[in-house]
Amino acid sequence: MIKLLNVPPANHVKVLDGQGWVGLIDHLGNEATLVNAARVSFGKLKDSMDERDVTLLNYLIENKHTSPLEHMVFTFSIHCPLFVRGQWHRHRTWSYNEISRRYTEIDLEFYTPPKLRRQAESNRQASFADDSFDDAALRTEIMEHNKKSLALYEHLLASGVCREQARGVLPQNMMVTFWGTVDLSNLLHFLELRDSEHAQWEIREYARAIKKLIKPIVPNVAKYFESKGDDWNV
């Protein structure tokens, strides 16, 4: 049976006020895999975790012995705005494949922020929430602009313009769906950077959703970071 890529998998978390989502497609390995990889030189394997294994796992993370963590792999399906996709793809340790507007023009949708933020004066990369900011009319303008962009795109296609050129008029807040595969070591680095007060709110929402998806699979990893003050109770 063929399924549509832009439909979230069964195991997913909605973000961005329900406009986006991230889903867990598959994973390879478990926490026992991590400690088995660390002890491979002894030629022994275990199929479950005990307290000594948890201690070893904590030691590996604490001392940045990352190679055993690379033996566990996750594949996610991500539905996000193009500008979030751009930030995500800066993490070159992931493998990516995404839907292409060269092949399909169906199911186009656009992200409208649930709340507009103000620009920080001291940091060009930062923004801040202002409850007194009356953004209703501005959000309406964004939605109208999205409609006009879509209308122009459809007009170009109807006029015979190829999809690969017509897509150039679509804005940065167009939603895109892609697959991302990453090992646990690099995923933890991603989460450290993207679930941070320095990260943009939109991509931070995705990082927090990933924590929720993987916590049942790596409970002791989550517990370690929680002991250091990191919030995995999302």
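User: In which element is Lys-211 found?

Analyst: Lys-211 is found in helix 7, where helices (H or I, at least four residues) and strands (E, at least two) are DSSP runs that are numbered from the N terminus. This is a predicted model, in which local features need pLDDT of at least 70 and side-chain atom pairs count only at pLDDT 80 or more, while totals for chains, interfaces and linings use all residues. Residues are numbered from 1 along each chain as its sequence is written, and side-chain values use heavy atoms, with hydrogens and water left out.

User: What does the protein chain look like as a whole, and how many helices and strands does the secondary structure come to?

Analyst: The secondary structure of the protein chain comes to 8 helices and 7 strands, and its C-alpha atoms fill a box of roughly 65 × 50 × 25 Å along the principal axes. Of the 234 residues in the protein chain, 41% are buried, a term for under 20% relative accessible area, with exposed meaning over 50% and partly exposed in between (1.4 Å probe, protein chains only). Among contacts (heavy atoms within 4.5 Å), residues 24 or more positions apart account for 69% of those in the protein chain with a separation of 6 or more.

User: Is Lys-211 buried or exposed, and which residues is Lys-211 in contact with, leaving aside its neighbours within four places in sequence?

Analyst: Lys-211 is buried, because its relative accessible area is 1%. Once its neighbours within four places in sequence are left aside, Lys-211 is in contact with Leu-191, Asp-195, Asp-230, Asp-231, Trp-232 and Val-234.

User: Which residue forms a salt bridge with Lys-211, with N and O atoms 2.7 Å apart?

Analyst: A salt bridge is a side-chain nitrogen of Lys or Arg within 4 Å of a carboxyl oxygen of Asp or Glu. Lys-211 forms one with Asp-195, and the closest N and O atoms are 2.7 Å apart. This pair links distant parts of the chain, 16 residues apart, with Lys-211 in helix 7 (residues 201–214) and Asp-195 in the loop between helix 6 (184–194) and helix 7. Both Lys-211 and Asp-195 are buried, and salt bridges that share partners join Asp-195, Arg-204, Arg-208, Lys-211, Asp-230 and Asp-231 into one network.

User: How many salt bridges does a search of the whole structure find?

Analyst: The search finds 14 salt bridges. One of them joins Glu-144 to Lys-147, with the closest N and O atoms 3.6 Å apart, and these two residues are separated by about one helical turn because they lie 3 residues apart in helix 4 (residues 136–158). Glu-144 counts as partly exposed at 37% relative accessibility, whereas Lys-147, at 55%, counts as exposed. The side chains of Asp-50 and Lys-46 also meet in a salt bridge (2.7 Å, N to O); here Asp-50 is partly exposed at 34% relative accessibility, and Lys-46 is partly exposed with a relative accessible area of 34%.

User: How should I read the packing of two helices, and at what angle do helix 6 and helix 7 pack?

Analyst: Two packed helices are described by the angle between their axes and the distance between the axes. Axes are lines fitted to C-alpha atoms, for helices over the stretch in contact, and angles run from 0 to 180 degrees between N-to-C directions. Helix 6 and helix 7 pack at about 135°, with their axes 9 Å apart. Helix 6 is therefore oblique to helix 7, since angles under 35 degrees count as roughly parallel, over 145 as roughly antiparallel, 65 to 115 as roughly perpendicular and the rest as oblique. In this contact, Leu-187, Phe-190, Leu-191 and Arg-194 in helix 6 meet Ile-203, Arg-204, Ala-207, Ile-210, Lys-211 and Ile-214 in helix 7. By class, the contact of helix 6 with helix 7 has 7 nonpolar, no polar and 3 charged residues, where Ala, Val, Leu, Ile, Met, Phe, Trp, Tyr, Cys and Pro count as nonpolar, Asp, Glu, Lys and Arg as charged, and the others, Gly among them, as polar.

User: At roughly what angle do the axes of helix 1 and helix 2 cross?

Analyst: The axes of helix 1 (residues 31–38) and helix 2 (residues 51–62) cross at roughly 75° and come within 10 Å, which means that helix 1 is roughly perpendicular to helix 2. Glu-31, Leu-34, Val-35 and Ala-38 in helix 1 meet Asp-53, Leu-56, Leu-57 and Leu-60 in helix 2, and by class this contact has 6 nonpolar, no polar and 2 charged residues.

User: Which residues of helix 8 are buried, and what covers them?

Analyst: In helix 8 (residues 219–227), the buried residues are Asn-220, Val-221, Ala-222, Tyr-224 and Phe-225, and what covers them includes helix 1, helix 2 and helix 6. Just after helix 8, Gly-229 takes a positive phi of about 95°.
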